[in-house]
Amino acid sequence: GEDADEIDREEKESMLEIINLNNELLLKLINDMLEISHLDSGNIDFEMKNDDITEIVREIYKHHQPLIQPSLKFSLELDNSLFLPANIDRIRFTQVISNFLSNANKFTQCGSITLGCKIDKEHNEVCVYVKDTGKGIDEKELMMIFDRFYKADEFEQGSGLGLSICKVIIERLAGRIEVQSEVGIGSCFATILPLIPLS
């Protein structure tokens, strides 16, 4: 009697866990779908204001420190003395870099993840990048990763909309995304944004 009850309860609990997880995934998928359709139709108001990229990147780094696998070295490449003014929506920009970081965290087994920021004075642009020593992406796949619903791994959780949302956001912020990757060596995802000219 009692043993059977115990097994029964454990089975119910694990079923509930599966149901909850599936609900979460479904909810995320629906939110991603809504988000991309809103972004497409221009229905999302971006709160553009002058902000300091240096400060934002520092904040993202601090926030992500506890989230990155402890076995990976997580470092920041940033000149703290630089004031890098850009006209952006801080929350949306943070969302993009956070997406790059969580992808790097997911696909990097060992080594390091670097969040960095460098200035291109000649073109008056700032580059914020996430570099990893993960499994890398081959050329054929690189051409597809920003496509909607594309997933490197069919069994991976998620909607496959993450990077296409990132692309739309960065374009709305008057910037662009650049990717370099080598299979077995790692990837670097970068956003390039115009800086506000300092008169």
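Guide: An axis is a line fitted to C-alpha atoms, for helices over the stretch in contact, and angles run from 0 to 180 degrees between N-to-C directions. The model discussed here is predicted.

Visitor: At what angle do the axes of α3 and α5 cross?

Guide: The contact involves R92, F93, Q95, V96, N99, F100 and N103 of α3, which meet G162, L163, I165, C166, I169 and I170 of α5. The crossing of the two helices is left-handed. Their axes come within 10 Å, and the crossing angle is roughly 145 degrees.

Visitor: Is C166 buried or exposed?

Guide: C166 lies among the α5 residues that contact α3. Its relative accessibility is 2%, and because the limit for burial is 20%, C166 counts as buried.

Visitor: How many disulfides does the structure hold?

Guide: A disulfide is a covalent bond between the sulfur atoms of two cysteines. Such a pair must lie within 2.5 Å. For C110 the nearest cysteine sulfur is that of C188, 18 Å away, and for C166 the nearest is again that of C188, at 14 Å. The number of disulfides is 0.

Visitor: Is C110 buried or exposed?

Guide: A residue is exposed when its relative accessible area is over 50%. The relative accessibility of C110 is 54%, so C110 counts as exposed.

Visitor: Is α2 oblique or roughly parallel to α3?

Guide: On α2, the residues I53, E55, I56, E59, I60 and H64 meet R90, F93, T94, I97, S98 and L101 of α3. These helices pack with their axes 11 Å apart, at an angle of about 45 degrees. Angles under 35 degrees would count as roughly parallel, and those from 65 to 115 as roughly perpendicular. The angle therefore makes the orientation of α2 to α3 oblique.

Visitor: Is the crossing of α2 and α3 right-handed or left-handed?

Guide: The two helices concerned are α2, at residues 53-64, and α3, at residues 90-107. Their crossing is right-handed.

Visitor: Which are the edge strands of the open sheet?

Guide: The sheet has 5 strands in the order β2-β4-β5-β7-β6, with mixed pairing. An edge strand pairs on one side only, and this holds for the strands at 73-77 and 176-182. The edge strands are thus β2 and β6.

Visitor: Which strands of the sheet does helix α2 touch?

Guide: Neighbouring strands of the sheet are turned by 15 degrees against each other on average, direction ignored. Helix α2 packs on this sheet, and its direction makes about 170 degrees with that of β2. The strands touched by α2 are β2, β4, β5 and β7.

Visitor: Which residue in β7 stands opposite Y129?

Guide: Strand β5 spans residues 125-132 and β7 spans residues 186-194. These strands pair in the antiparallel sense over 7 bridges. Opposite Y129 stands A190.

Visitor: What share of the 199 residues in the protein is buried?

Guide: The protein contains 5 helices and 7 strands, and its C-alpha atoms fill a box of roughly 80 × 40 × 35 Å along the principal axes. Among contacts with a separation of 6 or more, 71% link residues 24 or more positions apart. The buried share of the residues is 39%.

Conventions:
Residues numbered from 1 in each chain as written. Predicted model: local features only at pLDDT ≥ 70, side-chain atom pairs only at ≥ 80, totals over all residues. Heavy atoms only, no water. Buried < 20%, exposed > 50% of the residue type's maximum accessible area, 1.4 Å probe, protein only. Pairing = 2+ DSSP bridges. Helix = DSSP H or I, 4+ residues; strand = E, 2+ residues; numbered from the N terminus. Contact = heavy atoms within 4.5 Å. Parallel < 35°, antiparallel > 145°, perpendicular 65-115°, else oblique. Left-handed = near helix turned anticlockwise from the far one by under 90°.
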